[in-house]
Amino acid sequence: MAPHLTDDELTLHYYGETPDDARPAVEAHLACCGTCRAALAEMAGVLALVDQQPLEDPGPAFERTAWARLEPALAAEPRGWRAAFGWSSAWLVTAGAAAAVVVAFAAGWMVRGPVDAAAPSAPAAAVASPVRERVLLVAVGEHLERSQMVLVELMNAGDGDGPMLADERERAADLVAANRLYRQTAVQVGDEALGDVLGDLERVLLEVANGSGELAGPELDALRARIENRGLLFRVRVLSSEMQDRERQELERGREAAGSPVSFRRGLTSGSVS
Amino acid sequence: MHDTDQATVAAASAGDAEAFRTLVERHSRYVYQVAYRMTGSAQDAEDVVQDAFLKAHRQLGRFESRAGFRTWIHRIAVNCSIDLIRARRHRELAHDPADLESGAAAGPVSSDDPLPDRLAFGAEVRDQVAAAMQRLTAAERAAFMLRHVEGRSIREVGAALGLKPEATKNSIFRAVRKLRTALAPLVRSGEGATFVAEG
């Protein structure tokens, strides 16, 4: 007798996603194998339990609290000229958060310098600067990850995926403002590599965001060509990975500086983002 | 409810704040439940409710009434959940592979527990299903929910989550394996019994 079906084959069969060329063999096996039929029935039973699971109840006053939280955000929605220029609240919130991170980083970067190790506040200063750097590294890292996902969607889209890619326009629009701030900051602190990547990324995000409707045909082809010719996806991936490494290093430095008065100098002289 | 949505959406689209509030009060609980199913987190689900209604507010002009407001906000909520999961994916902790086999944390009803009659069985099963779902990683949960509950194809799930086809399949396979490991004993012990939810 043929070997039993694997769990994964049973899962594909359950969802009707067995590849066409494998389907006859799977169905023939199930027709004559009681063990596999029992396994499939057990799987169906488990998934039925999931289906029967009651929906999570957020509590009796949820609608009131949801509105109370939402109302101020709705009041902040752009009207008039900001709406005319397409400055949605997503842009403003994203740009605002990015600006806050950049200001915090720039303030810390500017005051960082030789510190008297004997001063009572020195350890606190040594910890504060790496914390600001970590905040920026986390923010830029998350931005690069989100951007990477948009690029992956564009590169992997197949024919007929135009409607799905319409969501990517909105994601790109949310990313543009923050990208601009991070790029300008990278240029200011002398991080040319980061500035270059963010510059190329910004051009692609703008192109995606400023179009309308489905993303398909010549427009999609041109975007893909731009991404491929600049090696943009690879460069974003590499930088994202570097950001994560830097974040881990800064975290370790911060822990050392907080825990050991002797080691805080290393945290101070560890250098900037670049 | 859905028949009156049309008039309410029209009023909200025209700038009537109270009309939009009505839509929020009518559908926010549902949106929360959709988001919680996707994210498994109360805090994340609340954030998705905010994001989804903000997006709906901005896009009211594009809403086509023939689709039904609930269907429309459902799609927005799922997309917002996906965005949140995608943004956090790289920072979640991976589960210990040993959990896959042990199933101890979400195992069957132990012999020390009160004997589950058909009515009490509901609460025990609910707790164990909930515990099993919580043991999925964010990516596994999202992929599984999109495939199993939303009915999207594996390819569509991958596109939504930004995963390659093999990675998508693996996320769904792992989710189903974990659920089977944790819940198969319940299925076996309850064979022939009817699952009765507590009233």
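Buried area is the accessible area, taken with a 1.4 Å probe, that two parts lose on being put together, summed over both. For chains A and B of this predicted model, that comes to about 5,400 Å², with 57% of it on carbon and sulfur atoms. On the chain A side, Y15(A), W67(A) and M149(A) supply 12% of the area buried against chain B, more than any other three residues. Counting contacts (heavy atoms within 4.5 Å), 57 residues of chain A meet 58 residues of chain B.

The rule finds 9 salt bridges across the interface, each a side-chain nitrogen of Lys or Arg within 4 Å of a carboxyl oxygen of Asp or Glu. One of them joins R177(B) to D8(A), at 2.8 Å from N to O.

Now for confidence, given as pLDDT, the predictor's score for each residue from 0 to 100. Chain B has a mean pLDDT of 79, and 77% of its residues reach 70 or more. Residues 93-120 of chain B fall below 50, yet this stretch has 33 contacts in the model beyond near neighbours in sequence. Residues 191-199 of chain B are also below 50, with 12 such contacts. For the complex, the predictor gives an ipTM of 0.76 and a pTM of 0.58.

Residues are numbered from 1 along each chain as its sequence is written, while chains are lettered from A and ligands numbered from 1 in the order written. Local features need pLDDT of at least 70 and side-chain atom pairs 80 or more, whereas totals for chains, interfaces and linings use all residues; side-chain values use heavy atoms, leaving out hydrogens and water.
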